[in-house]
2 protein chains.
Amino acid sequence: MRFAEMTVGQLLEALASSEPTPGGGTAAAIAGAMGASLLVMVTGLAKSRNNTDEEKAALGKARAVLQPLTTDLTRLADADSQSFNAVMAAYRLPKATDEEKAARARAIQDTLRGATIVPLDTLRACADALAQAQAVAQHGNRAAASDAGVAIALLRAAAAGAHANVRANLESIKDEGFKSSTDAEAARLSAAAVADASTAMQALA
Amino acid sequence: MRFAEMTVGQLLEALASSEPTPGGGTAAAIAGAMGASLLVMVTGLAKSRNNTDEEKAALGKARAVLQPLTTDLTRLADADSQSFNAVMAAYRLPKATDEEKAARARAIQDTLRGATIVPLDTLRACADALAQAQAVAQHGNRAAASDAGVAIALLRAAAAGAHANVRANLESIKDEGFKSSTDAEAARLSAAAVADASTAMQALA
């Protein structure tokens, strides 16, 4: 079942259960989707901060970026659990002969790469949403300032959580080229997310 | 409809819509419930960090505190939207006569107090969950370290979001005694949440 079709109660039970999925990667993607959705809400309010046409145009531009990100993050919540299930299936492959051992090792490395790219994409989507947060914080209705504040905090936590998952999966990857380029990309996205969250929080104050 | 019975997709749509509820307070409570649920998951894994009886006892104690907090936070997600709806209903009361004006002013102040206590309770539940996070981070299975990391980040963001909502509602409250005691309590809980999150993150490293 896709997470978007699960009830919130079922999602929480699934997160609390000792089954390996869903785990932190899925929770981070859903928290990011909640943050992006709250920013979409602020862009859609009838009144902007000073009710000028310029503000409404800026909010409309932010909204056009944010709306597809909520869909992306919901999809990434599913992809995270699926990619982790694929890694575990690879670990369960037979390893009786040398050929089986080699095939299993390849499958583990391939699926681990997939399970690393998903939280990297989650991190990127959160960073992309936070890149719009300053415009929302600056031009959005003041009555929704605490909603924008919650959105920024959730997106920042989701980005940090996604980054932790990238790092955790990279630990078991042997391809040094993939490892260093992914690590560098994650660090760059994470730094941008933190900087944009901080600028947006200042614009709210 | 209670949020626990809504699908994740419906929740995200409701957060993104320009309807006044659900807003940041509800999103913070659900993010906190996801964080607490992930910590419950780590306490329930077959293996603890070093698989000792002491560790398992410590994790069992944390679990007993965390499990009811996930339920509390889910309930607070509903209470947040309900209490905000009550404030808006009070603002819509008639104000033609002096008596109506006085009754409306009292209703606004009463419902605002209710709408302040809900995010204060959310903040307290997140702080209570984070007070258990160190034990979970220290004794939980290392394979779930990134799950614990996401949980801590989400609970910290939820606590910050709940605190922002307490402050936003206090702005319109006239009872100076309630205002200063609530503000002090929120600051105390927030400081404890930040300190416990930081200690727990160090225990994970």
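This is a predicted model: local features need pLDDT of at least 70, side-chain atom pairs count only at pLDDT 80 or more; totals for chains, interfaces and linings use all residues.

User: Then the surroundings. What is the relative accessible area of B:E185, and what is the relative accessibility of B:R124?

Analyst: For B:E185 the value is 22%, which makes B:E185 partly exposed. B:R124 has 29% and also counts as partly exposed. The cut-off for buried is under 20%.

User: Which residue does A:D110 form a salt bridge with?

Analyst: The partner is A:R113, with the closest N and O atoms 2.9 Å apart. Now check the spacing in sequence. A:D110 and A:R113 are 3 residues apart in helix α4 of chain A, so about one helical turn separates them. A:D110 is partly exposed at 47% relative accessibility. A:R113 is partly exposed too, with a relative accessible area of 23%.

User: And where does A:E5 find its salt-bridge partner?

Analyst: A:E5 pairs with A:R2, and the closest N and O atoms are 2.7 Å apart. Read the exposure of both ends again. A:E5 is partly exposed at 43% relative accessibility. A:R2 is partly exposed with a relative accessible area of 44%.

User: Let us step back to the fold. How many helices and strands does chain A have?

Analyst: Count the elements, then read their order. Chain A has 6 helices and 0 strands. From the N terminus on, the order is α-α-α-α-α-α. Next, take the dimensions. The C-alpha trace of chain A spans about 70 × 40 × 25 Å along its principal axes.

User: What share of chain A counts as buried?

Analyst: Of its 205 residues, 53% count as buried. Sequence separation is the other thing to read. Among contacts in chain A with a separation of 6 or more, 80% come from residues 24 or more positions apart.

User: How do I read a loop residue? Where is the place of A:L93?

Analyst: A:L93 lies in the loop between α3 (53-91) and α4 (98-139) of chain A. A:L93 is partly exposed, with a relative accessible area of 36%. Leaving out residues up to four places away in sequence, A:L93 touches A:R104 and A:A107. A:L93 and A:I108 are 15 residues apart in sequence, and their C-alpha atoms are 9.2 Å apart in space.

User: Now the interface. What is the area buried between chain A and chain B?

Analyst: Read the area, then the atoms behind it. The buried area is about 3,000 Å², and carbon and sulfur atoms give 75% of it. A:V8, A:L12 and A:M34 supply 20% of the area that chain A buries against chain B, more than any other three residues. The contact takes 38 residues from chain A and 38 residues from chain B.

User: How many salt bridges are there between chain A and chain B, and how many residue pairs in polar contact?

Analyst: There are 0 salt bridges between the chains. Polar contacts join 12 residue pairs, both residues being at pLDDT 80 or more.

User: Which helices of chain A each supply at least two residues of the side that touches chain B?

Analyst: α1 (8-16), α2 (24-43) and α5 (145-170) each do. The largest share, 11 residues, comes from α2(A). By class, this side of chain A has 24 nonpolar, 12 polar and 2 charged residues.

User: Last, symmetry. What rotation superposes chain A on chain B?

Analyst: The rotation is 180 degrees with 0.0 Å of shift along its axis, and the RMSD is 0.0 Å. The two copies are therefore related as by a two-fold rotation axis. In chain A, the C-alpha nearest the axis belongs to A:T7, 1.9 Å from it. The same surface serves both copies, as 100% of the contact residues of chain A recur in chain B.

How values were computed. Residues are numbered from 1 along each chain as its sequence is written. Chains are lettered from A and ligands numbered from 1 in the order in which they are written. Side-chain values use heavy atoms; hydrogens and water are left out. Contact means heavy atoms within 4.5 Å. Buried area is the accessible area (1.4 Å probe) that two parts lose on being put together, summed over both. A salt bridge is a side-chain nitrogen of Lys or Arg within 4 Å of a carboxyl oxygen of Asp or Glu. A polar contact is a pair of N or O atoms within 3.5 Å; within protein, one must be able to donate a hydrogen and the other to accept it, and residues adjacent in sequence count only if both atoms are side-chain atoms. Helices (H or I, at least four residues) and strands (E, at least two) are DSSP runs, numbered from the N terminus. Ala, Val, Leu, Ile, Met, Phe, Trp, Tyr, Cys and Pro count as nonpolar, Asp, Glu, Lys and Arg as charged, and the others, Gly among them, as polar. Copies are superposed by least squares on the C-alpha atoms of residues with pLDDT of at least 70 in both. Buried means under 20% relative accessible area, exposed over 50%, partly exposed in between (1.4 Å probe, protein chains only).
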